[in-house]
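Please keep the sequence and the structure open while reading.

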Amino acid sequence: MKRREFLSWVGVGGVASFLPLAIAACTTSGESRAEVSTTPGKFEAVGTVAQLEAEGQILNENFKNGAISVTRNPEDSELLYAVNPTCTHQGCLVDWNGGERKYICPCHGTEYSPDGTLLKGPAEENLPPYLVKIEGDQVLVQAI
Ligand code: FES
């Protein structure tokens, strides 16, 4: 075997032997990123059940995710909704209207259902929802 043929053979063999490692590294890297992006945050207290019962809403403007509003599902009081009450139009804090069971923006009148679904513009997007649960007397929202 000539020197040139030998080096060519070693080069092909070298690439072939490192290829699975390179693919595995890419795969591992991609999976890690997916795990990081889907890893849920910890649930943290935003208020108490007594506060929710007394006021019909928990509004916590200093939560990790930004402002948080928690209300009860009007059809099933055992279920809660948590949303970021920052209007998706131009960023005003929306008001909870317990009588009409919806959020109404004081700036330009956008309306959202308790789960944050857009009911009436000028905003074009829903309020961002968060996972929420009750443990003992605490209302907990999942931080992101
Ligand atoms: S900021 Fe809420 S409707 Fe414009």
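1. Basis. This is a predicted model: local features need pLDDT of at least 70, side-chain atom pairs count only at pLDDT 80 or more, and totals for chains, interfaces and linings use all residues. Residues are numbered from 1 along each chain as its sequence is written.

2. Elements. The chain has 2 helices and 11 strands. Both types are DSSP runs, numbered from the N terminus: helices are H or I with at least four residues, strands are E with at least two. The order from the N terminus is α-β-α-β-β-β-β-β-β-β-β-β-β.

3. Of the 144 residues in the chain, 21% are buried. Buried means that 20 or more other C-beta atoms, placed from the backbone, lie within 10 Å of the residue's own. Among contacts with a separation of 6 or more, 42% join residues 24 or more positions apart. A contact puts two C-beta atoms, placed from the backbone, within 7 Å.

4. The open sheet. Which order do the 3 strands of the open sheet take? The order is E1-E11-E10, with antiparallel pairing. Two strands pair if DSSP finds at least two bridges between them. E1 (43-48) and E10 (132-135) are the edge strands; each has a single partner strand, so one side of each lacks a neighbour in the sheet. Neighbouring strands here are turned by 35 degrees against each other on average, direction ignored. The axes behind that angle are lines fitted to C-alpha atoms.

5. E10 with E11. E11 covers residues 138-142 and is joined to E10 by 4 bridges, running antiparallel. Val132 has Val141 in E11 as its bridge partner.

6. Pairing around E4. E3 (residues 66-72) pairs with E4 (residues 80-83) in the antiparallel sense, over 4 bridges. Ser69 stands opposite Val83 in E4. E4 also pairs with E9 (residues 129-130), antiparallel over 2 bridges. There, Ala82 has Tyr130 in E9 as its bridge partner.

7. Core. The largest nonpolar core has 21 residues. Such a core is a set of buried Ala, Val, Leu, Ile, Met, Phe, Trp, Tyr and Cys residues joined through C-beta atoms within 7 Å. Val46, Ile68, Val70, Ala82, Val132 and Val141 have the most contacts inside it. Strand E2 (58-63), E3, E4 and E11 each give two or more residues to this core.

8. Ala82. Which residues does Ala82 contact, leaving aside neighbours within four places in sequence? They are Ile68, Val70, Pro129, Tyr130, Val132 and Val141.

Conventions: Buried ≥ 20, exposed ≤ 12 C-beta atoms within 10 Å, placed from the backbone. Axes fitted to C-alpha atoms, helices over the stretch in contact; angles between N-to-C directions.
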